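Colleague: Can you walk me through this one? I'd like the plain version.

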Amino acid sequence: MNISELESIGLKNVATVFHNLSYTELIQHELDNNECAVTKKGATAVDTGIFTGRSPKDKYIVDREPSNKNIAWGDVNRKISSEIFDELLVVAQEQLSNKDLYVTDVFCGSSAASKRSVRFISEIAWQSHFVKNMFIRPTESELEVFKSDFTVLNACKAVNDKWKEHGMNSEIFVLFDIEKNIAIIGGTWYGGEMKKGIFSMMNYWLPLEKKLPMHCSANVGKNGDTALFFGLSGTGKTTLSTDPNRALIGDDEHGWDNYGVFNFEGGCYAKVINLDGKSEPEIYNAIKENALLENVVMYGEGEVDYEDGSKTENTRVSYPIEHIENHKSDLMAGHPENIIFLTADAFGVLPPVSKLTKEQAMYYFLSGYTAKVAGTERGITEPIATFSACFGEAFLPLHPTVYAKLLGEKIDKHGVNVYLVNTGWTGGAYGVGKRMSIKNTRACINAILDGSIKDSEFDTTKTFRLHVPKTLGDINPDILNPRNAWEDKELFDKTRDELAEMFVKNYKKYQDGEHIDYSAAGPKVES
């Protein structure tokens with residue numbers, strides 16, 4: 001590449017530029033730079049330093065017109081002045097000057113109508129490898145005419161010594177200047193900052209074009225029927241969308257434009273803690289040459305101990321989507337027929353499957369509910385309700401209702417069916433009931449996808465007023481309506497009403513009079 005391109009963004013005396021290296025070349029650089037180890041199966045393994053996850057409190061957006069009028073400022077989207085950004089841009093530029101640099105050009109978005117061209121610049125070879133795995137790799141002819149829409153300067157070795165003076169959270173900085181189309185990263189080596197940073201930008205750009213960005217997985221059947229799976233961590237989003245009878249479009253980030261659903265990415269980023277080849281063979285078998293493991297513990301001759309979380313419970317692997325045998329090669333499909341909201345309800349209140357009205361779909365999309373169970377090693381066994389708007393609140397620069405409105409319009413236009421599927425507990429809350437069996441959950445998903453659920457007769461539950469099938473295939477009818485699965489009916493009613501109150505309390509922030517209010521479609525606690 002032309003050095004002047006790097007000089008134009010303030011990088012000086014750049015030594016050698018390693019531009020769009022092949023996997024073989026990158027892995028050799030990682031070995032030569034002592035950045036990685038090689039596993040027995042041929043994957044490379046790296047450590048991301050003291051940060052083994054994202055640093056959301058260190059993420060800021062420049063307060064600059066006109067984008068500042070669109071952004072929902074608050075705890076998720078923190079403001080930073082253009083003066084402080086420019087000061088830290090110099091810190092990043094100085095860190096990356098007088099160095100050999102790795103420059104990687106990629107696309108975000110497989111739809112020609114919606115994709116963005118992104119250039120990543122780093123002094124770390126494995127970070128270039130990570131980006132090559134996670135985004136869409138241009139062809140040789142596309143690279144010849146590549147022009148970036150957005151640039152990421154990853155100066156991970158630099159820190160902000162003046163963070164207190166700047167009123168920031170720490171010496172780490174992950175900053176976005178929307179008008180200048182540039183992001184800078186300092187102080188953290190974690191690869192996920194690059195992945196989710198561009199996802200956040202797509203969540204800014206696309207809605208302004210009336211296109212919907214989504215934190216979901218997607219697959220497509222042999223007849224061309226597309227399904228979307230929304231869900232927070234631990235709800236089964238990746239597992240349930242990986243289906244031997246359906247082609248995987250992608251496992252995490254998608255867009256929905258006038259042409260249908262499309263993957264933002266060209267790879268997968270899966271958790272590998274306690275990974276087992278029998279229960280998750282697709283992910284296990286994808287960990288081979290060109291895959292990049294993060295923060296795993298190794299022993300012997302390149303053996304990986306997936307059960308060892310001593311470095312972090314957030315051990316991960318990135319790999320090209322081609323490592324999944326049953327993937328859709330163009331990473332696109334038509335408009336969805338079914339949308340599935342996944343929740344792991346540890347209170348044991350929600351049904352295994354419910355058919356939602358359009359209004360209920362808006363309500364549960366904005367709620368983005370799941371329940372997590374605290375670490376039992378601390379003796380805490382009470383479920384903790386978690387609400388994350390649109391199932392990805394941390395990555396939404398705009399107000400959540402913007403995305404909900406777009407979803408509602410697309411549901412109406414394309415006649416999409418929406419379902420809520422509980423992969424959590426039944427017969428009692430965590431500690432009393434049991435986890436919904438994967439067999440029953442799969443049966444619910446299959447009934448949605450093959451349309452047989454529409455042949456069921458439906459009941460309406462009390463309080464949550466969800467529409468549940470009376471019978472569904474071979475599933476025990478007693479678990480389809482959750483109250484029937486509880487031995488202590490009074491305790492169920494009490495727990496149900498407590499969870500309903502949590503929903504009501506959480507949803508109050510969307511009842512400000514400025515947006516369409518879907519609270520009437522939510523739970524209603526009768527006094």
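Predicted model: local features only at pLDDT ≥ 70, side-chain atom pairs only at ≥ 80, totals over all residues.

Modeller: We'll take the open sheet, then a helix, a strand and a pocket.

Colleague: OK. In what order do the strands of the open sheet run?

Modeller: The order is β1-β6-β7-β8-β10-β9-β4-β5, 8 strands with mixed pairing. Strands (E, at least two residues) and helices (H or I, at least four) are DSSP runs, numbered from the N terminus. Two strands pair if DSSP finds at least two bridges between them.

Colleague: Which are the edge strands?

Modeller: β1 (17-19) and β5 (78-80), each pairing on one side only. From one strand to the next, the twist averages 25°.

Colleague: How many bridges join β6 to β7?

Modeller: There are 7, between residues 101-108 of β6 and 116-122 of β7, and the two run antiparallel. D105 has R119 in β7 as its bridge partner.

Colleague: Which strands does α4 lie across?

Modeller: Helix α4 (125-134) lies across β6, β7 and β8 (150-155), at about 10° to β6. Axes here are lines fitted to C-alpha atoms, for helices over the stretch in contact, and angles run from 0 to 180 degrees between N-to-C directions. Contact means heavy atoms within 4.5 Å.

Colleague: Switching to α2. Which residues are buried there?

Modeller: In α2 (23-32), Y23, L26, I27, H29 and E30 are buried. Seen down the axis, those buried residues fall within an arc of 155°, so they line one face of the helix. The arc is that of the directions from the helix axis to the C-beta atoms. Buried means under 20% relative accessible area, exposed over 50%, and partly exposed in between (1.4 Å probe, protein chains only).

Colleague: And which exposed residues are on the face turned away?

Modeller: T24 and D32. The buried residues of α2 pack against several elements, including β1, β6 and α4. After α2 comes N34, with a positive phi near 55°.

Colleague: Next, β11. How many of its residues are buried?

Modeller: 9 of the 9 residues of β11 (212-220) are buried, so the strand is largely enclosed by the rest of the structure. One side has L212, M214, C216, A218 and V220, and the other has P213, H215, S217 and N219. In a regular strand, side chains alternate between the two faces of the sheet.

Colleague: What does β11 pair with?

Modeller: β11 pairs antiparallel with β14 (253-257) over 4 bridges, and P213 stands opposite G255. With β12 (226-230), β11 is antiparallel over 5 bridges, and V220 stands opposite T226. β13 (247-250) is joined to β11 by 3 bridges, also antiparallel. The hairpin of β11 and β12 has 5 residues between the strands, and G224 there takes a positive phi near 85°.

Colleague: Last topic. How much space lies in the largest pocket?

Modeller: About 1600 Å³.

Conventions
Residues numbered from 1 in each chain as written. Heavy atoms only, no water. 1 Å grid on protein atoms, 1.4 Å probe; cavity = no way out; pocket = protein on both sides within 12 Å on 5 of 7 lines; lining within 4 Å. Points joined across faces, edges and corners; volume = space filled by probe spheres on them.
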